[in-house]
Amino acid sequence: MEKIKVKEIFSNVYGVDLGDGLKRIATKSLAPGKRVYGEKLIYSENKEYRIWNPNKSKLGAAIINGLKKMPIKKGTKVLYLGASAGTTPSHVSDISEDTIVYAVEFAPRIMREFIDSCNERINLIPILGDANRPFEYSNIVGKVDVIFEDVAQPNQAEILVKNAKWFLNKDGYAMISIKARSIDVTKNPKEIFLEQKKILIEGGFDIVDEINIEPFEKDHIMFVGIWKGN
Amino acid sequence: MLFIAFAPFGAFAFEETSKNGEYSIEDIKYYKIFDNVEIPKIMYDFRQANFEIIGEIKKEWEIEEVDVNVEYTSSKINPTGEFIRNNLFEIGKHYGIFEDNEDFLIKMNEWGTQFTKLMMKKSSEQKDKLIVQTVNALDNLDETLNLFSERLREWYSLYFPEMDSLIKKHDIYVKLVSEYGDKEEYTRTSLKKTMPSNIARTISLAAKESMGADVSEYDLEIMKNLANEINGMYEYREKLQEYLEASMKEIAPNLTKLAGASIGARLISLAGGMERLIKLPASTIQVIGAEKALFAHLRERAAPPKHGIIFQHPLIQGNPWWIHGKVARAISCKISIAIRADVFGNDISEMLFEDMNKKVEMIKEKFPEPTKKRRPRPDTRDFKGKGGPKRDDGRPRDGKPFNKPKSGEKDGKPRDGKPRGNKPFGEKPRGDRKKDDGRPRDGKPFNKPKSGEKDGNRPKPQNERTGEKRGGPPKPKMERKVIGKTSSQN
């Protein structure tokens, strides 16, 4: 067996070379020995790493497609909107390591699965709530450094602006993955991306990066913005 | 002005002072720390809009002022809330809630988990979730029953092939096999008890002169066992249906009266629960279950669907086709009212039912004759999100490409008049079509060439339906048929 090469590319995000020429990324596992979604575990220098599957996680796909700067680092507080079954949040909690990650999810059915992975990671706080109504969880969530949003709602840009007003520190980052098909099936994705970008800029963001995450997801784009307040 | 806001572990308040939004822990005028055990419950109460706690806190702090701003209820940010969120950990540490960062994480995690569990308990206590599951179970059961009944037919036909064509209904076929099995037991006298005598005679005659192979008793026993199992599933299906009807009457009496238990339950199931269903407009209820056609309409200007799941309603099925759409609209309006009455606790089913029937009668009187020629029904099998059906309604085409260039390139094009469907399998017809088309191209390759080829190659559905002359021998269809048959006989 060839030796596994692990190289840090962002803070707490590692590039992994298994010797087959494929570009892979991984995070150091906070709960060693546990898998969240059936991902591959590898060991290097007595540390356990979880391979980050870009087909299942849009943030992972964005990193592989060349994200310039990764706002989520060790020690950033994160508000994660649209946690779903906890695939990406588990990696986010690996990255932020010893600071809090609030994960908001709306559907109780998915929450049932997600709540299990929260038990193993103490920095991951599950919140059953509607991202459209941020005041409903305003008594739980504190100010954060990064908001990550992946909710696939028609008004997802407005949701991000609303949440940023409540919870985002000034000059904090926001990452939003926009699915064109969930906003309007009849329109050209490019038009939709422009529209959503406009909403974000008017809402008080400076867009610093945009990454198309094809081929992992179709008609998706990820915006990274800095919150300038209103 | 007094501002009140909440942290997970307590309530805090301070007065508005002109400090340009700069506050410190000393500015907190009132505070109340919640009991550690009660925190998830308090969070839960807030979410359920049970704001008694706020009243209690006010009493405890002896506030009589009217000018109080509570953040949670007003959905507006106030300075206290802003301060708490900025210093969540520091405030907790100041009041001795947390020791260090790890303690903070552990406690927050525990409260969040407990609170979420409470919320989930509430959401799964709703009876409509049970209905959704029941409907899904029924659908799965139907699928399985069909599959196994077909298998039994094939299997048992080795022994008694004549019965396959004599008895069309699966449940009767299965019952007969599980009851008799042996060919010699199909006598006229015993069959007569359960079915009309002429059918009993045909079956018993066929059993006597059967061309089926002889099998051993052991082989027959295995077939009978399968029939028994399927029969048991049919019985269970009936029980499930009864349960569905009973619980639908309990939670949605109006809807059940108007639409019937089956359609009502399906509406709830497709919408994802009663709470969601009451928020839908009647026009959406009309097309629930026809999403594929609806999106084809939005995307590729296919004909809009007239009805979704409510098409199964007897008032629609029992009336002539030219008023289907009108009746569907009338019924969906009444159904929409009925669901809301169910959720908010009124039984007005009799009135609604009468209204609905009256309305349908009116429509019937108004349109005794078809007002337009019947159009061939669009073939929804062809959509798959790739292209709409090609309508042959005689309207002139504007020839414009659609919004989506990918599918538009193929579908918006004027016909070149060549007969379709005579292409052998797998050959690409795209090449020669391209030349005839005079429109400018953007030169882009197809995003999905695979599906595009398939679409172009397929014989046009409406040609089959309207009986237009098809050029050439229908080769592809023949091949397909043979393949299908052999695979099912294996």
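How much area do chain A and chain B bury between them, and what percentage of it lies on carbon and sulfur atoms?

## The interface between chain A and chain B

In this predicted model, chain A and chain B bury about 3100 Å² between them, with 63% of that area on carbon and sulfur atoms. The contact involves 37 residues of chain A and 37 residues of chain B. Across this interface there are two salt bridges, and 12 residue pairs, both members at pLDDT 80 or more, are in polar contact. The elements of chain A that give two or more residues to the side touching chain B are helix 3 (108-120), strand 8 (124-128) and helix 4 (156-167), and helix 3 of chain A provides the largest share, six residues. By residue type, that side of chain A divides into 20 nonpolar, nine polar and eight charged residues.

One salt bridge is formed by Glu136(A) with Arg47(B), whose closest N and O atoms are 3.7 Å apart.

## Ile127(A) in strand 8

Ile127(A) belongs to strand 8 of chain A and is buried, its relative accessible area being 0%. Beyond its neighbours within four places in sequence, Ile127(A) is in contact with residues of chain A that include Tyr102(A), Val104(A), Met111(A) and Ile140(A), and with Phe115(B) and Thr116(B) of chain B. Ile127(A) and Leu81(A), although 46 residues apart in sequence, have C-alpha atoms 9.7 Å apart in space.

Strand 1 of chain B (residues 2-7) is largely enclosed by the rest of the structure, because six of its six residues are buried. In a regular strand the side chains alternate between the two faces of the sheet. Both faces are covered here, with Leu2(B), Ile4(B) and Phe6(B) buried on one side and Phe3(B), Ala5(B) and Ala7(B) buried on the other. Strand 1 of chain B pairs in the antiparallel sense with strand 2 (residues 10-15) of chain B over six bridges, and a hairpin of two residues joins these strands; within this pairing, Ile4(B) stands opposite Ala13(B). Strand 1 of chain B also pairs with strand 4 (residues 68-70) of chain B, in the parallel sense and over three bridges, where Asn69(B) is the bridge partner of Phe3(B).

In chain A, strand 1 (residues 5-10) and strand 2 (residues 13-17) pair in the antiparallel sense over five bridges, Lys7(A) having Gly15(A) as its bridge partner. The hairpin that these two strands form has two residues between them, and Asn12(A) in the turn has a positive phi of about 65°.

## Salt bridges within chain A

Over all chains, the count of salt bridges comes to 27. One of them joins the side chains of Lys58(A) and Asp150(A) at 3.2 Å, N to O, and links helix 1 (residues 58-64) of chain A to the loop between strand 9 (144-149) and helix 4, the two residues being 92 apart. Both Lys58(A) and Asp150(A) are buried.

Asp94(A) and Arg121(A) meet in a salt bridge of 2.5 Å, N to O, which connects helix 2 (residues 87-96) of chain A with the loop between helix 3 and strand 8, across 27 residues. Asp94(A) is buried at a relative accessible area of 2%, and Arg121(A) is buried at 1%. These two residues belong, together with Glu39(A) and Arg50(A), to a network of salt bridges. For the salt bridge between Asp219(A) and Arg181(A), at 3.2 Å, N to O, Asp219(A) is buried at 13%, whereas Arg181(A) counts as partly exposed at 25%.

Definitions and conventions:
Residues numbered from 1 in each chain as written. Chains lettered and ligands numbered in written order. Predicted model: local features only at pLDDT ≥ 70, side-chain atom pairs only at ≥ 80, totals over all residues. Heavy atoms only, no water. Contact = heavy atoms within 4.5 Å. Buried area = accessible area lost by both parts, 1.4 Å probe. Salt bridge = Lys/Arg side-chain N within 4 Å of Asp/Glu carboxyl O. Polar contact = N/O pair within 3.5 Å; in protein donor to acceptor, adjacent residues only side chain to side chain. Helix = DSSP H or I, 4+ residues; strand = E, 2+ residues; numbered from the N terminus. Nonpolar A, V, L, I, M, F, W, Y, C, P; charged D, E, K, R; others polar. Buried < 20%, exposed > 50% of the residue type's maximum accessible area, 1.4 Å probe, protein only. Pairing = 2+ DSSP bridges.
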